[in-house]
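Welcome to my notebook. I kept these entries for anyone meeting this structure for the first time.

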Amino acid sequence: PRPLWIQDWAGKRVDSFGSRVLWNWELDGEFYPGWNERVKEWEEEGIRTLVYINPCLSTRVEEFKPHGRRNLFEEAKERGFLIMRENGDVYVQSSASDEFQFGTVDLTDPEAREWYIEVVINCNIMCSCTVANTRYPPLKEFEGDVKCGMGGEGEGVKGWMADFGEYLPFDVVLKDGTDGARRHNDWPRLWAGVNGEAVGRKKNWKEYLFFSRSGSLKSPLVASKGGMFWVGDQNTAWDGNDGLASVLTAYLTAGSSGFSLTHSDVGGYTSLNVTGVVDGEETNVYVGRTGELIKRWMELSAVADCMMRTHEGNQADKQLQVWDTPDLIASLKFWTDFHVLLHPLRRVLLKEASKYGWPLVRGMWYDYGMESFGMNSQFMLGKDLLMAPVFTPGAETVEIWIPRGEWVNLWTCEVTSVEVPDHVVEVEAPVGRPAIYVPWGEKRARKYSKKIWEGLGMMEKGGRCEELYKWKMPWSKKDEGEREL
């Protein structure tokens, strides 16, 4: 099945930061008329619809969505399900701009967790609403058509982004009596647990997927049924602080910490165009996408990501999108097709991740020793592909460290034999052909590289790749077993 992620299913609102989804987790039938019919059509076409939620609830629902069935903030407030201040007031926070205010569901309260699971996930997402409508009815009568997605029964959708989970203040009062400082780092685990529990209650839980931004100790454990992670809202930039280059660092550190399944927003999320006075001079700070940045991000995601996913960003109407030019559309098609070609290999790696906790994206130190520890400019997909992404605009080459052994360039089928420990070389890496190498000494890598070449039409009879695959390795099966060991 192919996933189609629609973040703004609950409606939109606009503030000084940009255009964002309204945090009132039920279908906005006016924003998406014919939603259920379209979801059913997609389902029949093999497309699974994914939506978006987080543990926070907007305070301004009536202003932006007066036609809604539920005002979830008011319901949670009425039932005492929100985090509180010491003076007994609901703890209201803001996100990115002062006008974007929200309350947060108290995840230490078992009844609040149950309310969220039944009303938001089980009813408004999965469209099984008996418990939600009887135990937790809306505060007001609704005169419109109660549809799947807003209190009605139906098929529902098959997944969602479980965003946020890291915003808990230190000075909050919680239902279980713990203070915010003590609970702060554990909050992401509680949030992932709410989603994992909701999915785990379904007999067909393997058909559902959710992906979380925040994480803490044991988050992967509580998200083991249906859960994976992504590495947050990067800037639409190249740098290693919070741009494209930071993505690989996040993959490597997350994978080494038990987060085996990760991905990112292709092209980044956060854009800025701010003018202010610095040292007495008017200064403009602009952070935005370029076609080259998007293409380089596609290259990394096609290889490294469990799920290749785009994002329109916080300023969708002002940012370059993957569908804006024929060139970008062609690149997106190529790299999504390439991502699919890696599916057979990725299935094997997912089984390893499930059984052993091994990450799909691995630092070079996993298989090639501590001399490469801390290297964050290249990675292995399993032990089957070596990639050195390009993180510099305008670059047509990239520096890569190649371990001992025979390595095959994925695009040319040319062999590089390395006999020294520190083989660092600058290789060609034009846009559309990043540096990817196959460790030819690995039997599994040879098997799946052949499938890639066949998919790319590179295995023509008598061609370099076809001849390479017939090549007799200079070691016996016994030697290969020793190398594996």
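Which side chain meets Lys140 in a salt bridge? I looked and found Glu62, at 3.7 Å from N to O. I call a contact a salt bridge when a side-chain nitrogen of Lys or Arg is within 4 Å of a carboxyl oxygen of Asp or Glu.

**Ground rules.** I am reading a predicted model, where local features need pLDDT of at least 70, side-chain atom pairs count only at pLDDT 80 or more, and totals for chains, interfaces and linings use all residues. I number residues from 1 along each chain as its sequence is written, and side-chain values use heavy atoms, with hydrogens and water left out.

**That pair again.** Lys140 and Glu62 are 78 residues apart and link distant parts of the chain. I found Lys140 in the loop between helix H5 (130–135) and strand S8 (159–162), and Glu62 in helix H2 (residues 61–64). Helices (H or I, at least four residues) and strands (E, at least two) are DSSP runs, numbered from the N terminus. Lys140 is partly exposed at 34% relative accessible area, and Glu62 is partly exposed too, at 42%. My scale is buried under 20%, exposed over 50% and partly exposed in between (1.4 Å probe, protein chains only).

One joins Arg60 to Glu63, with the closest N and O atoms 2.8 Å apart; Arg60 is partly exposed, at 24%.

Is the Arg20 of another pair buried or exposed? Arg20 is buried because its relative accessible area is 9%. Its salt-bridge partner is Asp15, with 3.1 Å between the closest N and O atoms, and Asp15 is buried as well, at 10%.

I also traced a network of salt bridges linking Arg113, Glu114, Glu118, Arg135, Glu197 and Arg201.

**Into the core.** A nonpolar core is a set of buried Ala, Val, Leu, Ile, Met, Phe, Trp, Tyr and Cys residues joined through side-chain atoms within 4.5 Å. Which residues touch the most other members of the largest one? They are Trp25 and Trp160, in a core of 118 residues. Helix H4 (residues 110–125) gives this core its largest share, 9 residues. I found another core lying apart from it, with 18 residues, including Met364, Leu386, Val390 and Ala395. In soluble globular proteins, nonpolar side chains tend to be buried together.
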